[in-house]
Structures are given as C-alpha cells and as structure tokens.
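Morning, everyone. Let me put the model up, and then we'll walk through it.

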Amino acid sequence: KQAKCIVNKHFKIADIDRRIYGSFIEHMGRAVYTGIYEPEHAMADEQGFRQDVLKAVRDLNVPIVRYPGGNFVSGYDWKDGIGPKTDRPKRLDYAWLAIETNQFGINEFADWVKKAHSEGMIAVNLGTGTPQEAGYLAEYCNVPSGTYWSDKRREHGYEQPHCFQVWCLGNEMDGSWQTGGLSAEDYAKKARETAKILKWVDPSVELVACGSSSKEMATFPDWDRTVLETCYPYIDYISLHRYYEYEGNTANFLAAFYDLDNLIHTLKATADYVKAKHRSDKVMMLSLDEWNVWYIKHMDIKRWQWAPAIAEDVYSLMDALVVGGLLTTIVNNADRVKMACLAQLVNALAPIHTAVDGGVLKHTTYYPFQQVSRYARGGVFKSMLLCDDIDTPKYGRVPGLATLSTFDEVNRTFAFFVLNTNLDDEVELVLQLEQFGDLQMLEQQVLMGDELLAVNSFDAPEQVIPRAKMVSGEIGQEFTITLAKASWTMIRFE
Ligand code: AHR
C-alpha cells in the first residue's frame with residue numbers, strides 16, 4: 001500500500017504542555033505497597049522508596065503524577081496518612097476492598113514525586129469527604145505556615161509547603177461504583193463550593209472538575225454540560241477518562257485512537273456550548289486524567305487483603321500499538337488537552353511491574369510512551385494524511401495509519417510517529433516536510449513482530465521492545481519510509 005503525509009511548519013496545532021505525558025499512582029493493588037514503596041526491599045532508600053522503580057519512572061519521563069486515586073480517594077481520609085507512622089490507622093478501603101495501612105500518605109508522596117523528577121496532581125475526596133476537608137488538605141500542603149494545618153505539616157517535618165499546583169475535584173463522581181457517588185446537579189454544586197475554597201486557600205492552583213467517567217454512561221454528555229454550567233467560572237479543566245480492551249476484534253482494538261479522537265471532540269463541543277451560554281472568554285481545557293488499555297473484565301478483587309495483586313495486566317505487542325495510537329490522538333489534540341495521565345504507573349494496569357522482593361519489568365506499553373514523552377517536544381503540527389481506510393465493525397471506516405508530527409524549535413529536531421494498523425500490508429509512506437528546512441534522518445525505531453500477543457516477562461524482558469532500523473542519514477525534505485504491517489514507528493530528524 002502507498003500513503004502520503006504532508007507536514008507544513010505553518011500548520012501548527014499547539015505548543016505541547018509537557019503535562020500531557022503524566023501518569024497516575026493510586027492506592028490500588030500493589031501500586032504503592034510493594035510497588036513504589038517497599039521498605040524491606042534491598043533497593044529501598046531510607047524512606048522505603050524502591051530506587052529501581054524510581055529509575056524506571058524517571059526514565060519514562062512523566063512530568064506529573066496523579067494521586068491518591070482514582071476510586072480510592074472517594075472514601076479516603078488524608079489525615080490518616082500524616083504524622084508518626086506508628087499512629088496511623090489501618091482502614092478498610094471501600095474502592096478495592098483492601099486493607100489500607102496508611103504507611104504512605106501525602107508527605108511521602110510529595111517526597112517520592114520529587115525523587116521521580118515529577119510533580120503531583122492531587123485528587124480530593126468528594127465522595128465521603130467535604131469541601132472543608134479538601135480545603136484543610138490544601139492548607140496542609142500549600143500554605144507556608146501560621147495556621148493550624150500548615151503548622152501541623154511543619155510539625156510533621158515539612159518546613160516548606162509542597163505547593164501542589166493541580167487539584168482534581170473528586171473522581172468519577174458519576175459512577176454507581178463510586179463511594180458517595182452523586183447526581184450531576186449535586187456533584188456540580190459540591191465541586192463548585194470546593195473549588196471556591198481551594199482557590200481561596202491558594203489562588204495559584206489549577207482545578208479539574210470531573211467529567212463523565214466514560215462515554216458509555218447513560219448520563220454522558222449531560223453530566224459534563226451540567227458540571228460545566230455550574231462550575232465554568234471556577235475551574236480550569238474538565239476531565240475525561242478512557243480505557244480500551246481487546247474484545248476479540250483486532251481492527252476495532254487498533255482503531256482506539258479514532259474513538260478517543262471522537263470523544264475529545266464531543267467534550268470540546270460540550271465545553272464550547274457552555275462557554276457560549278456563559279458569554280465567557282475562557283476556553284475550557286481538557287484533562288484526560290485516566291487513559292490506557294485495561295483488561296477490566298479480568299479483574300479479580302480479593303477481599304480485605306493488604307496490597308493484593310489486582311489489575312496486573314501483562315501488556316502485549318498489540319496493546320503497545322494501541323497505546324502508541326492513543327498517544328498520537330492525545331498529542332494531536334494538544335490545543336485543548338493540556339494534561340493527560342497514563343493510568344496507571346506501577347503494577348496496577350501499568351507499564352512498570354515489580355516483583356515483591358525482586359526486580360522491575362517494563363511491559364510493552366512502556367516503550368511507545370517513553371518515546372513520545374521523550375521526543376515529542378515543542379509544537380505539534382497538523383499531519384495531512386492520505387492513506388487507505390480500514391473497515392472496522394465498531395467504528396466503520398477508519399484511516400489505516402495514525403500519525404504524529406512534532407518540531408522542537410529550540411533543538412531544531414523533528415519527531416514523527418506512526419501506527420500502521422494494516423494487519424497484512426506494509427505501507428510505503430512518503431513523508432513530506434515543508435518549511436522546516438533540510439532535515440537529516442537520525443534514527444528510526446520500530447515496534448513490530450509476528451506475534452501480536454507477545455509480551456515481556458522476567459525470563460524474556462526484551463521480547464517486545466523497539467528495534468533500531470538502519471538509517472541512511474539522508475538529508476532533505478521528503479523521505480520514503482516502509483512501515484511494517486501492524487507496527488509502531490518513531491523517526492527522528494535534525
Ligand atoms: O485506574 C483505575 C480506576 O479506573 C480508577 O480508580 C477509576 O477512577 C477508574 O474507574
């Protein structure tokens with residue numbers, strides 16, 4: 001097959017907000033305990049943080065990490081996780097029916113996220129929690145001193161405030177599974193009142209209100225409209241969450257990038273409708289604060305265990321291709337999607353897996369994410385793509401390729417990413433780069449294989465990783481690239 005992609009420097013979509021490459025640590029399964037925190041481990045530092053995990057996280061380049069949930073946050077009292085560890089209560093976590101020992105709380109997270117070279121995005125409990133308690137948390141974290149909660153933090157050994165910038169007003173509050181779930185009207189009022197308090201406590205914070213937890217919810221997109229109508233002047237972002245899983249049809253699954261694009265457009269339209277109603281100049285930005293492949297139907301909840309191994313999906317080559325495709329959509333929408341979190345980061349539906357008392361394994365999905373977060377810098381440019389469509393049972397005709405083009409003006413580097421969803425065909429792609437000057441192809445890496453279900457394991461940790469392809473070092477403005485069937489390719493130019 002033949003295809004053509006034209007990228008012109010005059011057609012810039014947006015500068016990329018680095019926080020689009022965020023991720024997520026929830027108190028879920030073994031994400032925290034025996035994931036990022038395992039004091040008994042040989043690689044643990046003086047705070048009990050696994051340094052081998054920290055290294056894998058740093059190498060992934062995640063500039064922001066959402067915490068502590070997720071569903072967990074809606075029954076969580078943040079005060080349980082502060083002060084001397086011996087005094088912290090053991091609680092039942094209603095979200096995952098697990099035992100929470102509270103040995104890792106907000107201060108440990110603040111330290112950990114710094115060591116991960118990242119920053120925190122804090123979710124507050126709007127399920128069983130109140131706006132007032134959310135305000136106290138913001139006071140504890142962000143006020144320098146001189147008040148009850150800020151002085152408590154100092155008493156706990158943290159002289160300087162944590163200064164968390166981004167705050168999520170609850171999590172998936174439209175869900176029947178959510179502890180303390182609410183109707184759109186009730187959530188909207190609670191979110192608005194919480195937003196007011198958080199901005200009074202620290203006017204510099206950025207706030208994210210809960211949009212629908214999925215587009216399959218019966219209340220979508222009325223929920224989003226209602227929340228936006230009530231909260232528009234008080235918030236900076238509306239959230240969306242999206243997960244995909246393989247349900248037996250590969251064409252559908254590989255077309256996830258197309259479905260996500262439609263969802264983003266619907267939410268943008270909803271937000272812009274409310275903007276017009278409010279006669280507002282403010283453009284509401286989107287926070288895709290949970291996205292990934294997640295085999296939710298395979299979840300096996302174990303009741304009332306500490307750090308149970310749940311949702312430990314082992315990702316295949318096919319899953320990695322889907323993640324690559326989703327990344328192209330996310331970054332191509334960087335004019336409105338300013339933050340996004342790969343959900344999650346360690347053990348629970350995550351690219352990084354740990355063995356208790358053992359090593360760290362990078363699942364297949366680690367690699368496309370790492371490539372994009374490392375190299376898709378600067379501005380994202382419109383890829384004008386001419387290629388054959390693929391017939392998918394679920395979405396109809398979908399382009400067979402998904403592309404992403406970014407140019408970093410500072411370092412004068414161009415990065416191109418492309419997913420080929422054709423299962424049986426190579427594609428010869430002509431890439432025409434206009435107005436960028438002559439560029440030299442520096443590197444080409446390809447993720448491909450005969451076995452779409454191949455995975456990485458401790459026995460074969462590099463079974464599925466991107467492989468370098470020989471590049472001729474050619475210089476010019478037009479390049480012909482052969483894309484292997486069912487593959488993900490990254491090419492860098494300078
Ligand atoms: O990321 C796992 C779960 O997915 C989160 O806790 C929840 O917000 C979503 O349903």
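Start with two helices. α9 passes α10 in a right-handed crossing; that is, the near helix is turned clockwise from the far one by less than a right angle. Before I go on, a caution: this is a predicted model, where local features need pLDDT of at least 70, side-chain atom pairs count only at pLDDT 80 or more, and totals for chains, interfaces and linings use all residues. Residues are numbered from 1 along each chain as its sequence is written.

Which residues make the contact between α9 and α10? On α9, they are A320, V323, G324, L327 and V331. On α10, they are Y367, P368, F369 and V372. Contact here means C-beta atoms, placed from the backbone, within 7 Å. By class, that is eight nonpolar, one polar and no charged. Ala, Val, Leu, Ile, Met, Phe, Trp, Tyr, Cys and Pro count as nonpolar, Asp, Glu, Lys and Arg as charged, and the others, Gly among them, as polar.

Now the geometry. α9 covers residues 317-332, and α10 covers residues 366-375. Their axes are 8 Å apart, at an angle of about 25 degrees. So α9 is roughly parallel to α10, the word for angles under 35 degrees. Axes are lines fitted to C-alpha atoms, for helices over the stretch in contact, and angles run from 0 to 180 degrees between N-to-C directions. Helices (H or I, at least four residues) and strands (E, at least two) are DSSP runs, numbered from the N terminus.

What does α9 lie across? Three strands: β9 (237-244), β10 and β12. α9 runs at about 175 degrees to β10.

Those strands belong to a barrel. It is closed, has eight strands with parallel pairing, and runs β2-β3-β6-β7-β8-β9-β10-β12. Neighbouring strands of this sheet are turned by 30 degrees against each other on average, direction ignored. Pairing requires at least two bridges found by DSSP. In that pair, W291 stands opposite L342 in β12.

Last, the domains. Domain 1 is 2-10 + 381-493, and domain 2 is 17-375; the bounds come from an automatic or database domain assignment. Their C-alpha centres lie 30 Å apart. Across the boundary, 33 residues of domain 1 are in contact with 33 of domain 2. On the domain 1 side, β18 gives the largest share, four residues. That side divides into 23 nonpolar, seven polar and three charged.

Technical notes. Contact = placed C-beta atoms within 7 Å. Parallel < 35°, antiparallel > 145°, perpendicular 65-115°, else oblique.
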